[in-house]
Amino acid sequence: MGTRLTVGQAVVRFLAAQYSERDGERRRFFAGCFGIFGHGNVAGLGQALLEHADDLPYYMARNEQAMVHTASGYARMNDRLSTFACTASIGPGATNMVTGAALATVNRLPVLLLPGDIFATRPANPVLQELEDARSYDVSVNDCFKPVSKYWDRVNRPEQLPSALLAAMRVLTDPAETGAVTLALPQDVQAEAYDWPDELFARRVWRVPRPVPEPAAIEEAAAVLRSAERPLIVAGGGVIYSRATAGLRAFAERTGIPVAETQAGKGALPWDHECSVGAIGATGTAAANALAREADAVIGIGTRYSDFTTASHSLFADPGVRFVNINVARPDALKLAGIPVVADAGEAIGALDAALDGHSVPDAYRARARELAGRWNAVVDRAFGDGAFGDGAFGERRGGPPAQAAVIGVVNEVSGPRDVVVCAAGSMPGDLHKLWRTRDPKGYHVEYGYSCMGYEIAGGLGVKMAAPDREVFVLVGDGSYLMMAQELATAVAEGVKLVVVLVENRGYASIGNLSESVGADRFGTRYRVRTGTGLDGGVLPVDLAANAASLGADVLRAEGVDGFRDALRAAVASPRTTVVHIETDPLAPAPDSEAWWDVPVAEVSARESTARARARYDDDKKTQRHHL
């Protein structure tokens, strides 16, 4: 016997019956579906979600890009074992999700996108919002999703749906190949009925594997570490997703190998662990970067070695440095000409620990790593204000607004050990990476794979939905806030409490600093009124705190470090989403990472500042190397 349902109804029934399982822990793979309806999906998926609300909860979003970010934040917080589906109408609703799809795929986070599409039967071309491509009537705006999706399909007939859904789940639950999956659903097909086999809607469990390493690869890796005098571990996001932090901690303690962390791997060890040397790379700590420059062996665990991590291939400077790369994804395991150990991080750490059989680094090297980490922690103390949060070099400056570092210090002070800080773009991710003192593997959630402005509030919503028992602190600058603040309304509607720290410095601080470093004198980075040929007039009369209040959030305006601390504590005590607004000094520095990032500078210029910047760039470029 079969079940007669529309394609939209069949999609919803199928999604509600999917489960993931790892290490015996089983959970629903789809926590629900975010959607914004238009003519391309209201009669199909919209009607189906209404009819099957008990099977798959529906959540209303305010922006299509934002709802994909929310799904990504939820998936990351759940170690990629659970996510949301997202549906939008054909046309601008669909293409608004492309940026969210790119973020999910870059960060390797599972998200299912269900954009409406043009009529498969072509009854009245062109229909509203159809892209007319003279080369083919089979092209729509949804083809834009192809390069940013790990799997893409268009379901032009009901008979195609089962294979498309199963392929989507195969990719979404693959730890090496996951990312955004797009199933484009023509609007007439969504509403078309079909007799489906009952087996399609049976509960299906997708076991997420833990691939084990090859013994030969482990032995080769162990040989490298036994011969190394100055090894360094680079812990990436794979350590967190594998839940291998306890194994890494034990391995580091036994071997004495210091552990540096990427943005995605921050929290792999508690900040004050004896083997932790903090963040690595262009936004890293001076301690981790000093050890990286000296390392004769680097063990990358679950990292894809982005340019920020390697300081644009200038960081690992020892002429004979060798790499051991533990990664579930083979392309990442082969980077930097390393010895590839293609395996789950936890499985590989355990096998490598056993192969080393009690091997340890020299005591002098252990002591050097601890000394460097201690020096950096003293720098952070000063940045946070010598423990007084505001009286130090980076606190309130000359009676003006505080430095961003001091604001971060207060949030770190007020937050609990299991609370989560969320950020994505601008200068704050760099400051957080080097300064934030993470105490829990899930306490640090900074989206830096795509570094997407506007992710913060939407992503924070997903984090809180995944971890309602944790306080979630969303740190967002005025630039990112102006990109996408609408999901404050969603948080209020759903009763999902966030603490949003809105840092206002009246411009783009990160790009302003970068512009100055390349000799462009902060051009186009300040929020100012136009006067003649430039945006160099008075400060814009913009009130972002009032805007947040208009979206339904409670708002507290804070002045100075002490006022900010009081406001933040009040926000934590409140049961409602609360925005704490604080103005900071955009020119106040944060401690230097002592690492480089490759941003090309104009080779010729009439500006002296640009010529000086090019000379510095040419010198820095000499430190860049290939690892072959």
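Analyst: A salt bridge is a side-chain nitrogen of Lys or Arg within 4 Å of a carboxyl oxygen of Asp or Glu. This is a predicted model, where local features need pLDDT of at least 70 and side-chain atom pairs pLDDT 80 or more, while totals for chains, interfaces and linings use all residues. Residues are numbered from 1 along each chain as its sequence is written, and side-chain values use heavy atoms, with hydrogens and water left out.

User: Why is the contact of Asp353 and Arg254 called a salt bridge?

Analyst: The N to O distance between the two side chains is 2.3 Å. That falls inside the cut-off, so the pair qualifies. Asp353 sits in helix α13 (residues 345-356) and Arg254 in helix α10 (residues 245-255), so the bridge ties together parts 99 residues apart in sequence. Helices here are DSSP runs of H or I, at least four residues long, and strands are runs of E, at least two, numbered from the N terminus.

User: What makes Arg437 and Asp381 a salt bridge?

Analyst: Their side chains meet at 3.0 Å, N to O, so the distance test is passed. Arg437 is in the loop between α16 (428-435) and β19 (444-446), while Asp381 is in helix α14, so this pair ties together parts 56 residues apart in sequence. Arg437 is buried at 14%. Asp381, at 34%, is partly exposed.

User: How far apart along the helix are Asp562 and Arg565?

Analyst: They are three residues apart in helix α22 (residues 560-573), which means about one helical turn. Arg565 counts as buried, at 10% relative accessibility.

User: How many salt bridges does the structure hold?

Analyst: The structure holds 39. Some are joined in a network: Glu25, Arg27, Asp79, Arg243 and Lys442 are linked this way.

User: What makes up the largest nonpolar core?

Analyst: A nonpolar core is a set of buried Ala, Val, Leu, Ile, Met, Phe, Trp, Tyr and Cys residues joined through side-chain atoms within 4.5 Å. The largest one has 90 residues, and Phe564 and Leu568 have the most contacts inside it. Helix α14 (residues 363-384) gives the largest share, eight residues.

User: Why is this core said to lie between domain 2 and domain 3?

Analyst: Domain 2 (215-376) and domain 3 (390-583) both give residues to it, so it lies between them. The bounds come from an automatic or database domain assignment. A second, separate core has 50 residues, including Ala61, Val420, Tyr455 and Val496.

User: Which residues is Phe564 in contact with?

Analyst: Contact means heavy atoms within 4.5 Å. Beyond its neighbours within four places in sequence, Phe564 touches Val407, Val410, Val411, Val501, Ala558, Glu559, Val580 and Ile582.

User: Why is Thr584 called buried?

Analyst: Its relative accessible area is 2%, so Thr584 is under the limit. Thr584 lies in the loop between β23 (578-583) and α23 (608-621). Not counting residues up to four places away, Thr584 touches Pro401, Pro402, Gln404, Val407, Val503, Glu504 and Asn505.

User: Where is the cis peptide bond?

Analyst: It joins Asn125 and Pro126, with omega about -5°. Pro126 is in the loop between β7 (111-117) and β8 (151-154).

Definitions and conventions:
Buried < 20%, exposed > 50% of the residue type's maximum accessible area, 1.4 Å probe, protein only.
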